[in-house]
Amino acid sequence: MNETRTAARTGPVGPVDAEGFRAAMSCFPAGVVLVTTREEDGTPRGFTASSFCSASLAPPLVSVCQGTGAQSYGAFQECARFAVSVLRSGQRELASRFATRGADKFGGGGLVPLEGPGLLVAADALVTLECAVHARHLAGDHVILVGEVRGVGQGEGEPLVH
């Protein structure tokens, strides 16, 4: 078979800076999730992420990346459990609230408690996962949080895409 290959026309490859790297990565669509936990005193903490994926089927593992400068970073370094809410297309405001530094993330509604551990999740999320921390890995200015999925809930709709 005779195959002709053509290089993608993306322009010259050059040095990497933070702005250029961010712009390049924004070309790849990704789902949007909320990740929540509670501090020892019960205070809820959470963040929005698009760096989320399944990592293993046996055991069922997921991974999500969190910036080391995030306000909730300490809580996620200490927690034993966390929840992931895969957001639906109509939940952009909730995603924005959890992505905004200094915002009252838990005061604007749109969240419900999971039975059992009391973690908060997005109401009407496309998917809800209850996770036990399996591992944490430092990767540059982020930590990769790996969770073993202990419970799954699934709704209906289309995913919110970043």
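Because the model is predicted, local features need pLDDT of at least 70 and side-chain atom pairs count only at pLDDT 80 or more, while totals for chains, interfaces and linings use all residues.

Let us start with the sheet. Helices (H or I, at least four residues) and strands (E, at least two) are DSSP runs, numbered from the N terminus. Two strands pair if DSSP finds at least two bridges between them. Here 7 strands form an open sheet with antiparallel pairing, and their order is 2-1-5-8-9-4-3. Strand 2 (44-49) and strand 3 (52-56) are the edge strands, each pairing on one side only. On average, neighbouring strands of this sheet are turned by 35° against each other, direction ignored; axes are lines fitted to C-alpha atoms, for helices over the stretch in contact, and angles run from 0 to 180 degrees between N-to-C directions. In general, strands of a sheet pair through backbone hydrogen bonds, either parallel or antiparallel.

Now follow some of the pairings. Strand 1 (residues 33-38) and strand 5 (residues 81-86) pair in the antiparallel sense over 4 bridges, and T36 has A83 in strand 5 as its bridge partner. Strand 8 (residues 127-139) is joined to strand 9 by 12 bridges, again antiparallel; there, A132 has E148 in strand 9 as its bridge partner.

Next comes helix 3 (residues 92-99), which lies across strand 1 and strand 2 and runs at about 110° to strand 2. Which residues of helix 3 are buried? They are L94, A95, R97 and F98, where buried means under 20% relative accessible area, exposed over 50%, and partly exposed in between (1.4 Å probe, protein chains only). These residues cover an arc of only 160° around the axis, which puts them on the same side of helix 3; the arc is that of the directions from the helix axis to the C-beta atoms. On the other side of helix 3, E93 and A99 are exposed. The buried residues of helix 3 pack against strand 1, strand 2, strand 6 (111-113) and strand 7 (120-122), with contact meaning heavy atoms within 4.5 Å.

How many aromatic pairs does a search of the whole structure find? There are 2. Rings of Phe, Tyr and Trp (its six-membered ring) pair if their centres lie within 6.5 Å; planes under 30 degrees apart count as stacked, over 60 as edge-to-face and the rest as tilted. The rings of F47 and F76 have centres 5.0 Å apart and planes at 80°, so this pair is edge-to-face. It links distant parts of the chain, with F47 in strand 2 and F76 in helix 2 (residues 73-78), 29 residues apart. F47 is buried at a relative accessible area of 7%, and F76 is buried at 0%. The rings of F98 and F106 are also edge-to-face, because their centres are 5.0 Å apart and their planes are at 80°. F98 is buried at 2% relative accessibility, whereas F106, at 23%, counts as partly exposed.

What about the cysteines? A disulfide is a pair of cysteine sulfur atoms within 2.5 Å, and by this rule the count is 0. For C53, the nearest cysteine sulfur is that of C65, 7.8 Å away. C53 is partly exposed at 40% relative accessibility. For C79, the nearest cysteine sulfur is that of C131, 10.0 Å away, and C79 is buried at 9% relative accessibility.

Two loops complete the tour. C27 sits in the loop between helix 1 (18-25) and strand 1 and is exposed at 64% relative accessibility. C27 and H162 are 135 residues apart in sequence but 9.4 Å apart in space, C-alpha to C-alpha. Q91 lies in the loop between strand 5 and helix 3 and is buried at 10% relative accessibility. Not counting residues up to four places away in sequence, Q91 touches A122, A123, D124, A125 and L160.

Note on methods:
Residues are numbered from 1 along each chain as its sequence is written. Side-chain values use heavy atoms; hydrogens and water are left out.
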